[in-house]
Every structure is written in structure tokens, then in C-alpha cells.
Amino acid sequence: MSTRTAFITGASRGIGQACALTLARAGHRVILAARNAGKLEEVAARAREAGVDAYVVEIDMSSPDSVQAAFHKAQKEFGAVEILVNNAAITRDGLAVRMKKDDWDAVINTNLYGSFQAIQQVLPNMMRARWGRIVNIASVVGLTGNPGQANYVAAKAGLIGLTKSLAQEMAPRNITVNAVAPGFIETDMTAVLPQELKDKLLQIIPLKRLGSPADIAAAVKFLSSDEAGYITGQTLSVNGGMYM
Ligand code: NAP
């Protein structure tokens, strides 16, 4: 297995943290990015226990200047990014009829434009190297839609379209671009859901459990590997069978 440099956004907790630790345990150098540097340092310390280098970069995905500065610093100080995991995202849920422009903009800017901008920062080095892996974390709701999440679903469906276009643009350069669409995963993002809703969800999940961050990280690790080199433009659902 080759050792690569992986940049994971939203690595301070939840799915991003699991992706960072799983990639570190697979032998990759990891660059951990999010707003909370203290949390990132804790994750970096755990990643280093796997015997790899781990670096921390503060980033605010909602700010174009911050995204640019963070990637510039990371690639100057720690080396060209070879694996990008676009994981950071937020929700600002509400019914469309009453949704404020701020809530629309915050979600689209952070989840969709932030991810696109991150991709733009790593492409030149990947194109030069003629090797790259981009994994975008989408969502089951980006495939199905979800009432009360018009902004979030638009961003996730957008990310899936972006994945397919970019896969076609980048295939001649041996860069693969894929998405992972998690179902309902136990993290801070879903901790706020009422128990009643979780019970309902369990009824429609054939595997009868919510997913764990490690379930998603395993798919990300595979799509980032040399072995996944003939897979591009795909959306891999990791959802316990809740949507097929
Ligand atoms: P989470 O627990 O809420 O963690 C979100 C991560 O994103 C944190 O590390 C957070 O770090 C970072 N983040 C948020 N806003 C940011 C910003 N402006 N700039 C930089 N980093 C930011 O979420 P999660 O459940 O792990 O979700 C991870 C990904 O999976 C997301 O793309 C989400 O949409 C997707 N997903 C989750 C589920 C689920 O059931 N949990 C289902 C489908 C898809 P800081 O706060 O330190 O910045």
C-alpha cells in the first residue's frame, strides 16, 4: 500500500474524525481541518498513535478566504494533497416556505461551494502527479429529498452532480472522484433528533440500527485506495439498506 497525504475537512468530530483515524491507521499522512483547533489537536494525537504524521489546519468552509489560506498553508508546509475527503457540513433545517436567505446561503456556501473550492485547491497538484482521490460526503437525502431540508438536500444533490462532472473532467489525469452517501449515522448532527423520529427511522432501516462513523470511514478508505482505481463518478450508499 502506498503512503499518501490525505486532507480531511470536518475532522474534529463525527464522521470526519473517523475518516481521519481510519486513513491514519491505513498508513496515510493526515491533515485535519475544521474550526475547532483544540479538538483537531486531540484527533491528531490519536492519529499519531498509528505511527503516521498528523497535522492540524484551522479552516472555515463558509469563508472562501479561509479555505484558500488553509489549503495554501497545508500544501506549502505538509506537501501536496493526494486524497481529499470533503466531509465538513452544517444543517439549518426549516420548511421551504419560511426559509430565510441566511439559512439557505449558510448551507449552500459551506456544504457545496466550500467543497468545490477545496477541490479547486488540490486539483493542480493532483493533475501534475497524475494521481488523486476525491471523496465527497453526500447524504441519503441528496438522493431521496427530505421535507424541512431544502437547502441541505440541494447542497448534497449538487455535490453528487459535481462528483459526476468532475469525474469526467479528471479521468484523463487518473484522478477519481466519488461520493459516499451516508444514511443516518450516530454523530452530533443526529443527536439532536427526537427519540420518536429515531424509532421511526429504525423501522425503515433493513439492518435495524443507525450507522456508526466507522461504517462511513471504511467506504472512504476503500474509495481512497489504489484498489479503487477503476471506480469514478459513483455514489456509494452506506445506509443500512434504507434506500436502494
Ligand atoms: P458533525 O458531527 O456535525 O460534524 C461536522 C464537522 O464539520 C465537524 O468536524 C465540524 O467541525 C465541521 N464543520 C462544520 N462547519 C464547518 C465550517 N464552517 N468550517 C469547517 N468545518 C466545519 O457532522 P457528521 O454527522 O459527522 O457529518 C459529517 C458529514 O456527513 C457531513 O457532510 C454530513 O452532511 C454528512 N452526513 C451525515 C449524516 C449523519 O447521519 N450524521 C448523514 C448523512 C450525511 P468544527 O465545528 O470544529 O468546525
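How many helices and strands does the secondary structure of the protein chain come to? The notes below start there.

1. **Overall make-up.** This is a predicted model. The secondary structure of the protein chain comes to nine helices and seven strands. The radius of gyration is 17 Å, close to the 18 Å that the globule rule gives for 244 residues, so the chain is as compact as a globular protein of that length. Along the principal axes, the C-alpha atoms fill a box of roughly 45 × 40 × 35 Å.

2. Of the 244 residues, 50% count as buried. The protein chain exposes about 11500 Å². Carbon and sulfur atoms supply 52% of that area.

3. **Links along the chain.** Take the contacts between residues at least 6 apart in sequence. Of these, 73% join residues at least 24 apart.

4. **Charge.** The protein chain has 25 positive side chains and 21 negative ones. The centres of the two sets lie 4 Å apart.

5. **The largest nonpolar core.** This core has 40 residues. Which of them touch the most other members? They are Phe7, Ile59, Phe71, Leu84 and Ile134. Several elements give two or more residues to this core: strand 2 (29-34), helix 3 (64-77), helix 4 (101-129), helix 6 (150-170) and strand 6 (175-182). A second, separate core has 33 residues. Val30, Leu32, Val56 and Ile137 are among its members.

6. **Leu84 in detail.** Leave aside residues up to four places away in sequence. Leu84 then touches Phe7, Phe71, Ala118, Ile119, Val122, Met126, Arg133, Ile134 and Val135.

7. **Asn136.** Asn136 is found in strand 5, which spans residues 132-137. Is Asn136 buried or exposed? At 0% relative accessibility, Asn136 counts as buried, because the cut-off for buried is under 20%. Residues up to four places away aside, Asn136 touches Asn86, Ile119, Leu159, Thr163, Val177, Asn178, Ala179 and Val180. Asn136 and Leu84 are 52 residues apart in sequence, yet their C-alpha atoms are 8.2 Å apart in space.

8. **Ser115.** Ser115 has its place in helix 4. At 1% relative accessibility, Ser115 counts as buried. Neighbours within four places in sequence aside, Ser115 is in contact with Met61, Asn86, Thr110 and Leu159. Asn86 and Leu159 are also on the contact list of Asn136.

9. **Ile8.** Ile8 is found in strand 1, residues 5-9. At 0% relative accessibility, Ile8 counts as buried. What does Ile8 touch, not counting residues up to four places away in sequence? The list is Gly16, Cys19, Ala20, Leu23, Val30, Ile31, Leu32, Ala33 and Val85. Two of these residues, Val30 and Leu32, belong to the second core.

10. **Gly14.** Gly14 is found in helix 1, residues 14-25. Gly14 is partly exposed, with a relative accessible area of 27%. Residues up to four places away aside, Gly14 touches Thr187 and Pro213. Gly14 and Val135 are 121 residues apart along the chain, and 16 Å separates their C-alpha atoms.

11. **Ala157.** Ala157 is found in helix 6. At 33% relative accessibility, Ala157 counts as partly exposed. Ala157 and Val140 are 17 residues apart along the chain, and their C-alpha atoms are separated by 9.4 Å.

12. **Two positive phi angles.** Look at the loops now. Arg130 lies in the loop between helix 4 and strand 5. Phi of Arg130 is near 55°, a positive value in a residue other than glycine. Arg130 is partly exposed, with a relative accessible area of 45%. Lys208 sits in the loop between helix 8 (195-204) and helix 9 (213-223). Lys208 has a positive phi of about 60°, although it is not a glycine. Lys208 is exposed, because its relative accessible area is 52% and the cut-off for exposed is over 50%.

Note on methods
Residues numbered from 1 in each chain as written. Predicted model: local features only at pLDDT ≥ 70, side-chain atom pairs only at ≥ 80, totals over all residues. Heavy atoms only, no water. Core = buried A, V, L, I, M, F, W, Y, C linked by side-chain atoms within 4.5 Å. Buried < 20%, exposed > 50% of the residue type's maximum accessible area, 1.4 Å probe, protein only. Helix = DSSP H or I, 4+ residues; strand = E, 2+ residues; numbered from the N terminus. Contact = heavy atoms within 4.5 Å. Rg over C-alpha atoms; globule rule 2.2 N^0.38 Å. Areas by Shrake-Rupley, 256 points an atom, 1.4 Å probe, with all protein chains shown as cover. Lys, Arg positive; Asp, Glu negative; His and termini not counted. Charge placed at Lys NZ, Arg CZ, Asp CG, Glu CD.
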